Amino acid sequence: MSTQAPTRTRSRESAAGQTMNSNTEEREEAYLAEEGVGHRPAEGGGSAPMQPAKYQHSFWDPQIAHLRKVYIKMIVAATVLMILMMWFALPVYWGSLGETSQHVPNLKGWVINRDGDGALGQAIVQAFEANSRGEGVAPKQHLTWIIVDPSQYPTDDDVAYAVVDEQAWAAVVVNSAATQALVNARSTGDSSYNPLSAISFYYNQGRNEIAANSFIVPLTTQLLQTTLGKFNAMFTGQWLAGVTSTDVVTTAARAPQTVSQPFAVTSINLRPFTKTVSTAILLVGQIYVTIFAFVITMAHDAARGVISPFLTFGSYAKMRLIVPMLAYIPMSFSYAMINLPFKVTFGERFSYAGGFFLFWLYVYMGMAALGLSTEAMITLLTPRFIANFLLILIIYNVSVAAVPIILQPSFYRWGYGFPVFNLSQTIRTIIFNTKSHMGLNAGVLICWIVLNFVTITAFTWFIRKRTLNEERSKERALEKDADGEKVEA
């Protein structure tokens, strides 16, 4: 008897798909039939209200008051639920951006003084140490600067590699013998002296353009300009006091830069954020990826309702896992192809073709990680409430992908294990040649896929078992009624 149950009664999943495809007239007729509206008694003088005529009533017509009541209840319930979802989800996103400026000291920078005991090197070190303590600036509006022994990074390439390798967010280097170079240029009238050779400022914009543009570059540049403005005036004043007017005129004529601006800074952006279209790929595009996968979830929910009642549990579970994974292949490839006409820099780290196919592979894994999450939850929430889960999934993922997590409250540390953060990190590696976390990123995405496989299977089994139990209960009730009728007969 139980083996025939799926063929007689559609499963809960099937019912969900059937509900999506039912039209307005069928729902209205079902409601009217259930309430007994429109049926006259077989005998007697009383009468029940007639069924409302279609397309004949105004909204406030008393004859459709019962339908209006149902309609208003549904709208009010949906509105209240959405308000609750707003308060549950939106504060997470607001909070991820609301206090970033209060966590700027979490950004670590290096000061490397190769000038030794030179006046410029000592002045820069003292200024940055004071800044790191918060002296002379608004509260927490400074990076944390660490004085690094120049022997650890003896060359400019070593410093550049360390910044790209994410050992520090920025590095300020006072170059070797910078003070003495100015002294020599003034004494000899060296017209080739370059003030920009005194200090180098390294940063990595591709690591996170918001952190670089909003905090690292402006705060460091302001500190350097203020420090050099004061030091140049002081150092030039000392020089003027120790030379004759003739020497001043001669030096100013031969090497005017040694007098007007003796020391300056060269800013070196090691990984420029050159393509603004990258913004679409790194954040908004991943919202689209989630939505595209969600559309497949909704279509699959409706489609599998046609065949699921006739499948064994093993076949049904495999179908739920394999079909979305197959659908994501052309979808993710299409998404990757759309970027080609906009000249996204897939060749920065790998060959252009290699970078493109790696991008496609990771987008596929990200789509699977996000899409299968909705595939799992629609089993429990049904199409009626799955949109609320989609809202949470998007907001909680996007909240940790816009700005560095270290600029957010500690609450957001869970973001390191979320799909969008890891997919964004890999995309930055491919198109900006930033430090590679691709192995870790792939591991996180695969873990999400495996977790979704487990939850989809478990939820499907739970609903199938519950459906079968309900059908068996109905069958036993029918058998009991049939036995009772036989006894009476």
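In which helix is the place of Glu479?

## A charged patch on the surface

In this predicted model, Glu479 has its place in helix H15, which covers residues 438-488. Together with Asp481, Asp483 and Glu485, Glu479 gathers in a patch of negative charge on the surface. Glu479 is partly exposed, because its relative accessible area is 35%, and the term partly exposed covers values between the 20% limit for buried and the 50% limit for exposed.

## The largest nonpolar core

The largest nonpolar core has 44 residues, and of these Tyr328 and Phe359 touch the most other members. The elements that give two or more residues to this core are helix H4 (65-98), helix H11 (278-307), helix H12 (313-338), helix H13 (352-398), helix H14 (419-432) and H15. Among them, H13 gives the most, with 13 residues. In soluble globular proteins, nonpolar side chains tend to be buried together.

Leu120 is found in helix H5, which is made of residues 119-132, and Leu120 counts as buried because its relative accessibility is 0%. Although Leu120 and Thr179 are 59 residues apart along the chain, their C-alpha atoms are separated by 5.7 Å.

## Two loop residues with positive phi

Tyr55, which is not a glycine, has a positive phi of about 65 degrees, and it is found in the loop between helix H3 (24-35) and H4. With a relative accessibility of 72%, Tyr55 counts as exposed.

Lys343 is not a glycine and has a positive phi of about 55 degrees. Lys343 lies in the loop between H12 and H13, and Lys343 is exposed, with a relative accessible area of 58%.

Key. Residues numbered from 1 in each chain as written. Predicted model: local features only at pLDDT ≥ 70, side-chain atom pairs only at ≥ 80, totals over all residues. Heavy atoms only, no water. Patch = residues over 30% accessible without salt bridge, like charges linked within 9 Å, V, L, I, M, F, W, Y side chains within 5 Å. Areas by Shrake-Rupley, 256 points an atom, 1.4 Å probe, with all protein chains shown as cover. Salt bridge = Lys/Arg side-chain N within 4 Å of Asp/Glu carboxyl O. Lys, Arg positive; Asp, Glu negative; His and termini not counted. Charge placed at Lys NZ, Arg CZ, Asp CG, Glu CD. Helix = DSSP H or I, 4+ residues; strand = E, 2+ residues; numbered from the N terminus. Buried < 20%, exposed > 50% of the residue type's maximum accessible area, 1.4 Å probe, protein only. Core = buried A, V, L, I, M, F, W, Y, C linked by side-chain atoms within 4.5 Å.
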